[in-house]
Amino acid sequence: LAQVHASRAKFALSARGGTCVRLADMVGCENEFLKETGERSDLNQYWYSRPTIDALVAEIVQSGGSAALVSTPSVYFSLPEDARQRCKVLDYDRQWESDPGYVFYDFNAPVDLPPELRGAFDFVLVDPPFITHEVWTKYAETTRFLVREGGRILCTTTNENDDMMQELLGTTPVLFRPSIPNLVYQYSVYTNYSSEGLARLNPEIDDYDWRAVEPKQCAKQERSLPTLLPGESAAIGGKLPAGLGAEAAVVAALAAEAASGSEVIDARPPPPGAVLLTELRERLGCLKRTTEAVFVPVQQGVRRPSAAGRPSPAAERALDAADVAALDAREWLVGHRAELAAVLGETEEAVLASDRWRIEAVLGVVSAAKRGALKDMTAYQEWANIGREHSVELFKMSSSLLHRIKALKREAAAAADGA
């Protein structure tokens with residue numbers, strides 16, 4: 001596995017029951033937790049991929065001490081048995097309460113925990129079910145309660161939370177990004193320590209230094225929100241940022257990788273087609289994130305309808321953000337249809353035909369909510385299912401574009417080397 005290095009971690013788990021095997025023997029083996037444990041949508045559970053779990057397990061095992069795994073059962077149950085004996089998993093889901101390492105945890109009571117856990121852990125891994133400032137403030141309080149002085153902290157959340165993560169826990173993003181297959185937006189990893197294992201790209205996700213390319217503020221989170229219950233979130237959208245200058249960003253990213261010794265070392269300027277598809281992928285990614293951010297505030301508004309029958313202010317802001325992202329993507333596609341058709345080997349009509357990029361579909365989802373068509377939870381569920389289908393399709397298109405970008409760069413490099 002590219003992102004887990006034997007020099008960093010000797011063992012990893014091949015079965016939920018605790019079978020400990022050498023990392024080299026794990027390739028091709030199943031992760032029993034992932035095989036046996038479904039994700040509960042009512043608790044906003046999304047499991048990491050098998051290779052990402054292995055990378056996080058390696059971090060914990062390499063640290064050599066005790067670890068608290070907060071809302072991260074997939075990693076806890078994938079630890080080697082000897083390592084798991086010195087760890088605890090803190091989670092709201094009581095399905096694991098028979099495990100000796102389980103501790104019930106509700107983020108609305110962030111330090112309502114056994115007193116013996118205060119300052120008891122050398123390593124704390126945190127992955128909240130929601131990305132809002134209010135929720136992260138509570139998880140940060142829990143983290144500070146658990147970690148001993150000088151201990152290591154590793155968190156995962158969206159890169160829109162960069163400033164917040166620095167403010168709350170003193171963590172900064174690393175190069176490795178986790179794969180969460182059923183989550184429609186991309187998370188990043190934040191740590192308060194340096195890690196050789198996480199200073200490399202995750203080949204499941206990236207082939208260049210995303211930190212120089214991706215926007216940090218596509219979707220902002222509301223900072224003044226009502227108390228949240230497990231199963232509720234309050235992520236809302238923000239105004240779409242101005243263009244990033246994709247060619248310069250990609251060149252800088254590749255140069256940074258060459259300097260850092262990562263696997264992608266070709267610092268030559270990317271071909272124009274790769275730059276163009278990178279710009280499209282950024283816009284589709286922003287559309288995906290802002291679309292996903294509308295569901296919970298709209299749901300909360302349906303549960304607590306206003307007298308005027310209009311969406312709540314939080315829902316309106318989220319819907320406006322998705323609107324802006326969709327209109328920006330539409331404008332970009334119309335303006336670049338000729339170049340895009342050339343890169344894809346298609347006609348201009350095919351590039352824009354049949355709402356291929358789900359832009360009109362997202363605008364329709366936004367319009368339905370804005371005009372007050374969601375009168376009850378049944379209507380909301382039908383609406384949300386349609387919206388999530390569009391989000392999943394946007395995710396698939398983004399992945400397809402990434403593969404095409406890689407292919408274009410390989411072709412350009414091969415042509416240059418053969419010249």
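Predicted model: local features only at pLDDT ≥ 70, side-chain atom pairs only at ≥ 80, totals over all residues.
Residues are numbered from 1 along each chain as its sequence is written. Local features need pLDDT of at least 70 and side-chain atom pairs pLDDT 80 or more, while totals for chains, interfaces and linings use all residues, and side-chain values use heavy atoms, without hydrogens or water.

**Exercise 1.** Find the order of the strands in the sheet, and the helices that lie on the sheet.

*Solution.* Start with the terms: helices (H or I, at least four residues) and strands (E, at least two) are DSSP runs, numbered from the N terminus. Two strands pair if DSSP finds at least two bridges between them.

Step 1. Seven strands make an open sheet of mixed pairing, ordered 5-4-3-6-7-9-8. Strand 5 (102–104) and strand 8 (172–173) are its edges, each pairing on one side only.

Step 2. Strand 3 (residues 67–70) and strand 4 (residues 87–91) run parallel and are joined by four bridges. Within this pair, Val70 stands opposite Leu90.

Step 3. Helix 5 (residues 133–146) packs on the sheet and touches strand 3, strand 4, strand 6 (121–126) and strand 7 (147–157). Its direction makes about 150° with that of strand 7; angles run from 0 to 180 degrees between N-to-C directions, with axes fitted to C-alpha atoms, for helices over the stretch in contact. Helix 6 (residues 162–169) lies across strand 7, strand 8 and strand 9 (188–191), at about 165° to strand 7.

**Exercise 2.** Describe how helix 10 packs with helix 13, and which residue classes meet there.

*Solution.* Step 1. Helix 10 (residues 313–335) and helix 13 (residues 359–370) pack at about 155°, their axes 9 Å apart. Helix 10 is therefore roughly antiparallel to helix 13, a term for angles over 145 degrees.

Step 1. List the residues in contact (heavy atoms within 4.5 Å). Among them are Leu319, Ala326 and Leu333 of helix 10, and Ile359, Val362 and Val366 of helix 13.

Step 2. Sort by class: Ala, Val, Leu, Ile, Met, Phe, Trp, Tyr, Cys and Pro are nonpolar, Asp, Glu, Lys and Arg charged, and the others, Gly among them, polar. The contact of helix 10 with helix 13 has 11 nonpolar, no polar and five charged residues.

How values were computed. Parallel < 35°, antiparallel > 145°, perpendicular 65-115°, else oblique.
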